[in-house]
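Work through these exercises with the model open beside you. Each task is followed by a solution in steps.

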Amino acid sequence: MAAIKVMATGAVESMLRQLAPEYEKQSGNALELHFGTAGALRARIDQGEAADLVVLPAASIASYDKAGKFAPGSIVDLGRTVTGVAIKQGAPAPDISTPEAFKQALIEARGVAYSDPAAGGSSGNYFAGLIEKLGIADAVGKKAVLGKRGYEVAQAVVDGRAELGTTFISELMTVSGVTILGPLPGDLHFTNTYTAAIPAGSQQQEAARALLRVLTDRATRARWTAAGLEPAFPDLRG
């Protein structure tokens, strides 16, 4: 039995945890799952930490690929998710139907939860830039409730520490007690694709390729969708 080390972002954590037991049963191998923000994972990789499979935003994978970091033919898009907005279940829903309405909701909210940009999360970095663009960075920053990971953003909403929370919908869905109002409106919409690749130095490349086949099996597509992720891998039917 081999131990297969996976380093992946929180946006795909729910699906990896769902499919891990199926892979382990089929292969007889054990998975070691390590989750973090994209920035934190990149730092670990840059410091030389080894893995058998990594899942990062597509842009990060492309950058590493240019440097020859991955096994040939091992790069596969897994899923896309969008940044959404959540409130505590049962709380009054603010209007977020337009960019201007969302801006006003952020101004009026007593607390706004989002991923700490310093932790390297893709959604948090985007939102920090967004509130700068909207001209409300100071106003929101004074009442910000920062989480290291997306599920911490959702938890802050459930706990009542923030009225509004924003992070990837696939992460909001992992925490009970929130109501997802929808994606960011209009031209504020933000989508990220998460891509898997096998590091060239992995000693378990065949086992990692078998894991990729489980993750991208067409029979899993509905489950990816249910987890808040649009499947990004081909649907090879017939």
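Two strands pair if DSSP finds at least two bridges between them. Helices (H or I, at least four residues) and strands (E, at least two) are DSSP runs, numbered from the N terminus. The model is predicted: local features need pLDDT of at least 70, side-chain atom pairs count only at pLDDT 80 or more, and totals for chains, interfaces and linings use all residues. Residues are numbered from 1 along each chain as its sequence is written, and side-chain values use heavy atoms, with hydrogens and water left out.

**Exercise 1.** Find the bridge partner of Ala3 in S2.

Solution. Start with the strand pair: S1 and S2 run parallel and are joined by seven bridges. Now go to Ala3; its partner in S2 is Ala30. Last, check burial (under 20% relative accessible area, 1.4 Å probe, protein chains only). Six of the seven residues of S1 are buried.

**Exercise 2.** Trace the pairings of S4, residues 76-88.

Solution. Take the partners one by one.

- S9: antiparallel, six bridges. Val76 is bridged to Ala196.
- S10 (residues 230-231): antiparallel, two bridges. Gly79 faces Pro231.
- S7 (residues 164-168): antiparallel, four bridges. Val85 has Thr166 as its bridge partner.
- S8 (residues 178-183): antiparallel, five bridges. Ile87 lies opposite Thr179.

**Exercise 3.** Which residues touch the most other members of the largest nonpolar core?

Solution. The largest core has 32 residues, and Val12, Leu53, Leu215 and Trp224 touch the most other members. Next, look for the main contributor: H9 (205-215) gives six residues, the largest share. Then list contacts (heavy atoms within 4.5 Å). Beyond its neighbours within four places in sequence, Leu215 contacts Leu16, Leu19, Leu53, Leu78, Thr220, Trp224 and Phe233. Finally, a second, separate core has 19 residues, including Val85, Ile96, Ala109 and Tyr114.

Note on methods:
A nonpolar core is a set of buried Ala, Val, Leu, Ile, Met, Phe, Trp, Tyr and Cys residues joined through side-chain atoms within 4.5 Å. Buried means under 20% relative accessible area, exposed over 50%, partly exposed in between (1.4 Å probe, protein chains only).
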